[in-house]
Amino acid sequence: MKIKPLSDRVLVRPTAAEEVTISGIIIPDTAKEKPLKGEILAVGNGTKDEEMVVKAGDVVLYGKYAGTEIEVEGEKLLIMRQNDILAVCE
């Protein structure tokens, strides 16, 4: 399935959370921090007031509670507004 975000929205694939072990104790997935970094898969056309400054393929940092999580073909993705993105990683 192909998803094309509308307006000033972007589709982001979050990076996988790294497994953390502390003295042999494995932290379960439910206790891990939500990843704050991801790759943009698709972008909308923007609005008349806000042009899109990010593009597909950019690696971005976003806020902890940014976006809406969706599941497409078994993969968890985020749809968020461009202004929820904090920075582009170069």
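1. Strands, at least two residues of type E, and helices, at least four residues of type H or I, are DSSP runs numbered from the N terminus. The structure is a predicted model, in which local features need pLDDT of at least 70, side-chain atom pairs count only at pLDDT 80 or more, and totals for chains, interfaces and linings use all residues. Residues are numbered from 1 along each chain as its sequence is written, and side-chain values use heavy atoms, with hydrogens and water left out.

2. The second largest pocket holds about 160 Å³ of space. A pocket is an open set of points on a 1 Å grid over the protein atoms alone, where a 1.4 Å probe fits, with protein on both sides within 12 Å along at least five of seven lines; lining residues have an atom within 4 Å of a point. Its volume is the space filled by probe spheres set on the points, which are joined across faces, edges and corners. Strands S4 and S7 each supply at least two residues of the lining, and the lining includes Met1, Leu11, Leu41, Val72 and Leu77. By class, seven lining residues are nonpolar, none polar and four charged; Asp, Glu, Lys and Arg count as charged, Ala, Val, Leu, Ile, Met, Phe, Trp, Tyr, Cys and Pro as nonpolar, and the others, Gly among them, as polar.

3. The largest nonpolar core has twelve residues, among them Val10, Ile40, Val54, Tyr62 and Leu78. Such a core is a set of buried Ala, Val, Leu, Ile, Met, Phe, Trp, Tyr and Cys residues joined through side-chain atoms within 4.5 Å. Two or more residues come from each of S1 (9-14), S4 (37-43), S5 (59-62) and S7 (75-81). Beyond its neighbours within four places in sequence, Val54 is in contact with Val10, Ile40, Val43, Gln82, Ile85 and Val88; contact means heavy atoms within 4.5 Å.

4. Asp8 lies in the segment before S1. Asp8 counts as buried because its relative accessibility is 5%; buried means under 20% relative accessible area, exposed over 50%, and partly exposed in between (1.4 Å probe, protein chains only).

5. Gly67 lies in the loop between S5 and S6 (68-72). With a relative accessible area of 30%, Gly67 is partly exposed. Gly67 and Leu78 are eleven residues apart in sequence, with their C-alpha atoms 5.7 Å apart in space.

6. Glu39 is placed in strand S4 and, at 32% relative accessibility, is partly exposed. The C-alpha atoms of Glu39 and Arg13 are 5.2 Å apart, although 26 residues separate the two in sequence.
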